[in-house]
Amino acid sequence: RQFGRKTDIRKVNVQLNDCIRGTFTVLGRQLEVHGIEVELKLDAELPPIKGDRNRLEQVFLNLIMNARDAMDEKQELKGQDVEKVLKIFSKREKDEVVVIISDTGSGMSEEVKEKIFEPFYTTKPVGKGTGLGLSISFGIVRDYDGTIEVESVEGRGTTFTIRFPPAEEEESPEPVEA
């Protein structure tokens, strides 16, 4: 229910690495079953940002599921095994907290890239996608003063770069539930 409903935007100190790891507790086994190699390089010194862990996990969930689908699609089109690699990096870059999610999937045309953040736009077959994942993700990132950019090459893969300002005041991050 929370997924589609606009709620008050909660901003507390959140460690993005925890959000990424939390997503893998949900999707890790699924990626393994799909034959996807995962490279995680998370900066241990990453400062927290102001956000909401659940909503940020939703962003990573959407991006990772789309990457999975794009890599599966590429394999189906080729009719043979293809390299399936998902890379996720976090780092501090100047005055920003940056997460880069990159896949070796089917990539996108310029025309598709221009529309991917529009509500209800999807390239997936009927019944496979709603066209809301990236639109909602874009809104969540913007709610926390962040930006999301996409680079893609058809047949080669896609990279999303998400940038947030670090949290200013020192406050302990939300406790992580085991």
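Colleague: How many salt bridges does the structure hold?

Modeller: Eleven salt bridges, each being a side-chain nitrogen of Lys or Arg within 4 Å of a carboxyl oxygen of Asp or Glu. Bear in mind that this is a predicted model, where local features need pLDDT of at least 70, side-chain atom pairs count only at pLDDT 80 or more, and totals for chains, interfaces and linings use all residues. Residues are numbered from 1 along each chain as its sequence is written, and side-chain values use heavy atoms, with hydrogens and water left out.

Colleague: Which residue does Glu32 pair with?

Modeller: Arg29, with the closest N and O atoms 2.8 Å apart. Both sit in helix α1, three residues apart, about one turn of the helix; helices here are DSSP runs (H or I, at least four residues), strands likewise (E, at least two), numbered from the N terminus.

Colleague: Are those two buried or exposed?

Modeller: Glu32 and Arg29 are both exposed. The cut-offs are relative accessible area over 50% for exposed, under 20% for buried and partly exposed in between (1.4 Å probe, protein chains only).

Colleague: And what about Arg68, buried or exposed?

Modeller: Arg68 counts as buried because its relative accessibility is 12%. Its salt bridge is with Asp69, at 2.7 Å between the closest N and O atoms.

Colleague: Switching topic: where is Thr161?

Modeller: In strand β7. Thr161 touches residues including Val99, Ile100 and Ile148, contact meaning heavy atoms within 4.5 Å. Its C-alpha is 6.6 Å from that of Ile101, 60 residues apart along the chain.

Methods. Lists of a residue's contacts leave out its neighbours within four places in sequence.
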